Structures are given as structure tokens and as C-alpha cells.
Amino acid sequence: MARDAARWDGGADGVVTPAAGTRYAGRAPCRCPFLGWPHDDLPAVRGPAARHQRRRPQEGSHGRAAHPAHRTGPRRRAHLPPERQRRLHQPQADPDALATGIADALRDRYGFEVGVLVRDHTYLQAVIDACPFPAADLEPKQLHVIYLSRTVTPADLTKLDPAAFHPEGFRPGDRAVYLHTPDGLGRSRLADPLTRAIPKTAGPATSRNWNTVVKLAEMTAGE
């Protein structure tokens, strides 16, 4: 319908005339629902255009009907208890407490669990500085970090035999595991076994390549 409407010549008064040389030529001018006219003034429309006629833009929505899921501000957060709202907006909130608050809010709002990790610049930069692999000599696709909620130790990963995956390798860090994949993650034989070997007690986890690891630290540098 939007493509068809483009074949009509629209005027400032909301009246459109079929464009010459199109299959609409010769039809009578009419008011078009796509030109912002009050909906009560429009003729009855059937088919795909009917839904446009039935919609009434809310005031201040610039012609778009607001959906509850897209609202922001106090009304969007009204369902959260005051204590939880304060926790989510506290500037210096503990990262783990903030992650718990966000996860609780998502569960209460949408009805399912979502793993959440919150990390500040100090931690993200420390992960870069503590990298046990020569990051400067590797391509970004060859080096990855698996961020964890809790630290894992070499004893937690004893099921993996590093020699069996050479030249790939891994090293546990502070709430993270470094993964070296010389041929890239797509061809890695170690990535999947390593992910399965990380104990569930480590909590939510997410993996990023070295480009993103560095970018995250840069993005949070001013905070």
C-alpha cells in the first residue's frame, strides 16, 4: 500500500490525484490516510490501509501510535518497587547488586530469567592488562574473553587436557577465561568443550573477541 501511495501526487491540503502514466490515472482525487488528515474525515478504507485509518496517533507521538513497551520515564518503571528503582539508578551501585536488580526487574516484567553482567571500566581495563597471551601479536579473531559472574580456577577445568587442543589454549582470570584460537573461533576445537567445562556456579557468561574487549574498556573510560 505504501508503494501504491507513492504513485499518487499529494498536495498540501491532503488531497491526492492519480499520477499521470500510472494504472491509477483517470481516477478521482481523494484524501489519503498517509498524509496526516484527521481520521474522522477520511472515507471508509478496506484492505491493508484500514489499519492505518483505525489508528489514532497519541498526542506528542509525531504521527506514531505509542506502544506500552516503547514508553520511557516514570510510567515505564511504575511497576518496580521504590527500593528497586533506587537500586537501578544509584550511580555508584555495586556491579553485582546492580546486575541482580536488573535481572529481577526483567523477570518481574517479562516472566523469564535473563543472565545479566555489569562491569565497570576498572575491571574491563584490568582484564586487558592481565591478558596472559601476547594480544599485540595476535589478530583480534584469535583472542577472546569469556566474562563470568564468578572466578573459576584451574581446578575447575581439570576435565580439559590443554595438550589435546594445542596450539589452542585457555587461561583462567579474574571472573574471566582467556581463549586463544589461532585459526579463529569458527574453527576452534576448544571453544565448545571449554564452554561446557565451565561450572554452572560461575553464573551467567558471555564471550567477546579482543576487538570488543578493548572497545568496551574505551567506551567506559569516562565513567
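A residue is called buried when its relative accessible area is under 20%, exposed when that area is over 50%, and partly exposed in between. Keep these words in mind as we walk through this structure, which is a predicted model.

Let's begin with the whole protein. Buried residues account for 30% of its 223 residues. The accessible surface is about 14800 Å², and carbon and sulfur atoms hold 52% of it. Starting at the N terminus, their order is α-β-β-β-α-α-α-α-β-β-β-α-β-α.

Now find the open sheet of 4 strands, whose order is S5-S6-S4-S7 with antiparallel pairing. Strand S5 (169-173) and S7 each have a single partner strand, so they form the edges and one side of each has no neighbour in the sheet. On average, neighbouring strands here are turned by 20 degrees against each other, if direction is ignored. What holds strands side by side in general? Strands of a sheet pair through backbone hydrogen bonds, in a parallel or an antiparallel way.

Two of the pairings are worth a look. S4 and S6 are joined in the antiparallel sense over 5 bridges, and Ile146 has Val177 in S6 as its bridge partner. S5 and S6 also pair in the antiparallel sense, over 5 bridges; here Phe170 has Leu179 in S6 as its bridge partner.

S5 and S6 form a hairpin with 2 residues between them, and Arg175 sits in the turn. Phi of Arg175 is near 55 degrees, which is positive although the residue is not a glycine. Is Arg175 buried, exposed or partly exposed? Its relative accessibility is 22%, so Arg175 counts as partly exposed. The peptide bond from His166 to Pro167 is cis, with omega near 10 degrees, and Pro167 lies in the loop between S4 and S5.

Which residues of H5 are buried? They are Tyr123, Leu124, Val127 and Ile128. Seen down the helix axis, these buried residues fall within an arc of 140 degrees, so they line one face of H5. Thr122 and Asp129, on the other side of H5, are exposed. The buried residues of H5 pack against S4, S6 and H7.

H7 (residues 210-219) can be read in a similar way. Its buried residues are Trp210, Val213 and Ala217. These residues cover an arc of only 60 degrees around the axis, which means that they are on the same side of H7. Turned away from that buried side is a face with the exposed residues Asn211, Glu218 and Met219. The cover over the buried residues of H7 includes helix H5 (121-129), strand S4 (143-148), strand S6 (176-180) and strand S7 (205-209). At the start of H7, a side-chain oxygen of Asn209 comes to within 3.2 Å of the backbone nitrogen of Asn211.

Two single residues complete the tour. Gln142 is in the loop between H5 and S4. Leaving aside neighbours within four places in sequence, Gln142 is in contact with Leu179, His180, Thr181 and Pro182. The other residue is Gly101, in helix H4 (residues 95-110). Gly101 has a relative accessible area of 0%, so this glycine is buried. Its C-alpha atom is separated by 9.3 Å from that of Val116, which is 15 residues away along the chain.

Technical notes: Residues numbered from 1 in each chain as written. Predicted model: local features only at pLDDT ≥ 70, side-chain atom pairs only at ≥ 80, totals over all residues. Heavy atoms only, no water. Buried < 20%, exposed > 50% of the residue type's maximum accessible area, 1.4 Å probe, protein only. Arc of directions from axis to C-beta. Contact = heavy atoms within 4.5 Å. Polar contact = N/O pair within 3.5 Å; in protein donor to acceptor, adjacent residues only side chain to side chain. Areas by Shrake-Rupley, 256 points an atom, 1.4 Å probe, with all protein chains shown as cover. Pairing = 2+ DSSP bridges. Axes fitted to C-alpha atoms, helices over the stretch in contact; angles between N-to-C directions.
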